[in-house]
Amino acid sequence: MDQTLDERLAVTPLRPFKFRILANVAHPLAKAEHPTFAEALKSPFVLLNATYLNKLVFRQLAEQLSIEPQVLFESDSSTLIKGLVKENLALGFISDITTPNDGEDDGLVEIPFDDVQVPSVHINLIRRAHQFPIGLVKQVIDIIEKTFAADNAEQKS
C-alpha cells in the first residue's frame, strides 16, 4: 500500500519498530513490576553509537526526564552491546531492528517502558512515484517487501 508524500514520491511502509531497555535477567529492573525509563536511567548504559538512531532517541528520552544518563560505552556492534548487558555491567537501549530477539534463552530480557513519549519510527521504501521499477530494481524491491512482510508476520505471532 503506497502512500504519496507529494506527487514525486511514493512511500511504502515496511515496518514500525520499537525501543526497549535490554537487561540481564538478574538486574533489579528486570524484576520490577512496572519498570520506567526514569528508573532505568539510574543505571549505566551501553549504546549503539551515533550511526544508529538508538543513540538519538535515547538522548531525547533522557532529556524529556531532565536526567543526564550515564553512558559507559558506545559501539557499532549489537553483539558487543548484548555481551556487556549479559555480563550485567550495564543496561542496553535497543530497537527490535538493531538487536532482534533471536529466541535464544541468553539470560537477557527486553523491558518495555511507557513513562516517556517515544518517537514513532518506521522503515519505509521510498521511490519516485511515476517511475515503475523493472528488471533488477523490481526484483530487489520485491525481495525487500517479502522480507519485511515475513518479518511483520513473525513479529505478530
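The structure is a predicted model, in which local features need pLDDT of at least 70 and side-chain atom pairs count only at pLDDT 80 or more, while totals for chains, interfaces and linings use all residues. Residues are numbered from 1 along each chain as its sequence is written, and side-chain values use heavy atoms, with hydrogens and water left out.

## Overall composition

The protein chain contains five helices and eight strands. These elements are DSSP runs numbered from the N terminus, with helices being H or I runs of at least four residues and strands being E runs of at least two. Along the sequence their order is β-β-β-α-α-β-α-β-α-β-β-β-α.

The chain has 157 residues, of which 34% count as buried. Here buried means under 20% relative accessible area, exposed means over 50%, and partly exposed lies in between (1.4 Å probe, protein chains only). The accessible surface of the chain is about 9,800 Å², and 54% of that surface belongs to carbon and sulfur atoms. Such areas come from the Shrake-Rupley method with a 1.4 Å probe; for residues, only the protein chains shown count as cover.

Contacts, defined as heavy atoms within 4.5 Å, can also be sorted by distance along the sequence. Among contacts between residues at least 6 apart in sequence, 75% join residues at least 24 apart.

Helix H3 spans residues 53-64 and has 12 residues. From its first C-alpha to its last it reaches 17 Å, close to the 16 Å expected at 1.5 Å a residue; the expected span is 1.5 Å times one less than the number of residues. The buried residues of H3 are Asn 54, Val 57, Phe 58, Leu 61 and Ala 62. Viewed down the axis of H3, these buried residues fall within an arc of 135 degrees, so they line one face of the helix. The arc is taken from the directions that run from the helix axis to the C-beta atoms. The cover over the buried residues of H3 includes E3, H2, E4, E5 and E6.

In helix H4 (residues 78-86), the buried residues are Ile 81, Lys 82 and Val 85. They cover an arc of only 95 degrees around the axis, which puts them on the same side of H4. Their cover includes strand E3 (19-24), strand E4 (45-48), strand E5 (71-75), strand E6 (91-95) and strand E7 (108-111).

## Residues with positive phi

Most residues other than glycine have a negative phi. Ser 66, in the loop between H3 and E5, has a positive phi near 55 degrees. Ser 66 counts as exposed, at 69% relative accessibility. Asn 88 follows H4 and has a positive phi near 65 degrees. Asn 88 belongs to the loop between H4 and E6 and is partly exposed at 34% relative accessibility.

## Salt bridges

A salt bridge is a side-chain nitrogen of Lys or Arg within 4 Å of a carboxyl oxygen of Asp or Glu. By this rule the count is five, and the table includes three of them.

| Glu 110 | Arg 20 | 3.9 Å |

Glu 110 is partly exposed at 28%, and Arg 20 is partly exposed at 21%.

Asp 142 and Lys 138 both lie in helix H5 (residues 135-156), four residues apart, about one turn of the helix. Asp 142 is partly exposed at 26% relative accessibility, and Lys 138 is partly exposed at 38%.

## Ser 43

Ser 43 occupies the loop between helix H2 (37-40) and E4. With a relative accessibility of 15%, Ser 43 counts as buried. Leaving aside residues up to four places away in sequence, Ser 43 touches His 27, Gln 70 and Leu 91. The side chains of Ser 43 and His 27 are joined by a polar contact of 3.3 Å. A polar contact is a pair of N or O atoms within 3.5 Å; within protein, one must be able to donate a hydrogen and the other to accept it, and residues adjacent in sequence count only if both atoms are side-chain atoms.
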